Amino acid sequence: LIATTFGHALIATEDKANYPEAIKVLRVATGRDDENPFAWYQLGTAYELTGDTARAALATAERASMNGDHRTAAQSARYALANIPANTSDWIRAQDIAMAAQNDMDDNPKEYKKR
């Protein structure tokens, strides 16, 4: 929790020089507590601010997955898969999220029909 708050504070400074440190701190925070949606949100924000849209999408997929938003999780994970180098740990995690989210949507078609 402290690391997440520190990462948030680094982002809130709006100083681009602090963003790499925020990513480092927030990666540690999500590694210690991977079920903290606020930490994933902040990590995604930091990645987006540094131009790493693929990892921002992966952080969004993580947060959406834990919040039960499988449509957003699948879409964000697919974007990450297309833009993160194949067979890296982040790519494999994006693949896991995309498959799990798609399976949930396939198992509950009435809930996820096209709008």
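Before the details, a word on conventions: residues are numbered from 1 along each chain as its sequence is written, and side-chain values use heavy atoms, with hydrogens and water left out. As this is a predicted model, local features need pLDDT of at least 70 and side-chain atom pairs count only at pLDDT 80 or more, whereas totals for chains, interfaces and linings use all residues.

Let me start with the charged side chains. In general, side chains of opposite charge can pair when their charged atoms come close. By a salt bridge I mean a side-chain nitrogen of Lys or Arg within 4 Å of a carboxyl oxygen of Asp or Glu, and the structure holds four salt bridges. Which residues are linked in a network of salt bridges? They are R27, D52, R55 and D90.

When I speak of helices, I mean DSSP runs of H or I with at least four residues, numbered from the N terminus. As for accessibility, I call a residue buried under 20% relative accessible area, exposed over 50%, and partly exposed in between, with a 1.4 Å probe and protein chains only. On that scale D90 is buried, at 12% relative accessibility, while D52 is partly exposed, with a relative accessible area of 22%.

Is E62 buried or exposed? E62 is buried, with a relative accessible area of 8%, whereas R93 counts as partly exposed, at 36% relative accessibility.

I turn now to the two buried positions. A73 sits in helix α5 (residues 70-83), and at 0% relative accessibility it counts as buried. Taking contact to mean heavy atoms within 4.5 Å, and leaving aside neighbours within four places in sequence, A73 is in contact with A61, A64, S65, I97 and A101. A73 and A98 are 25 residues apart in sequence, yet 6.7 Å apart in space, C-alpha to C-alpha.

The other position is T30, which belongs to helix α2 (residues 19-32) and is buried, with a relative accessible area of 6%. Not counting residues up to four places away in sequence, T30 touches A39, W40 and L43.

Finally, some backbone geometry. Most residues other than glycine have a negative phi. E14, although not a glycine, has a positive phi of about 55 degrees; E14 lies in the loop between α1 (2-12) and α2, and it counts as exposed, at 67% relative accessibility. Where is N87 placed? N87 is in the loop between α5 and α6, where it has a positive phi of about 70 degrees, although it is not a glycine either, and at 61% relative accessibility N87 counts as exposed.
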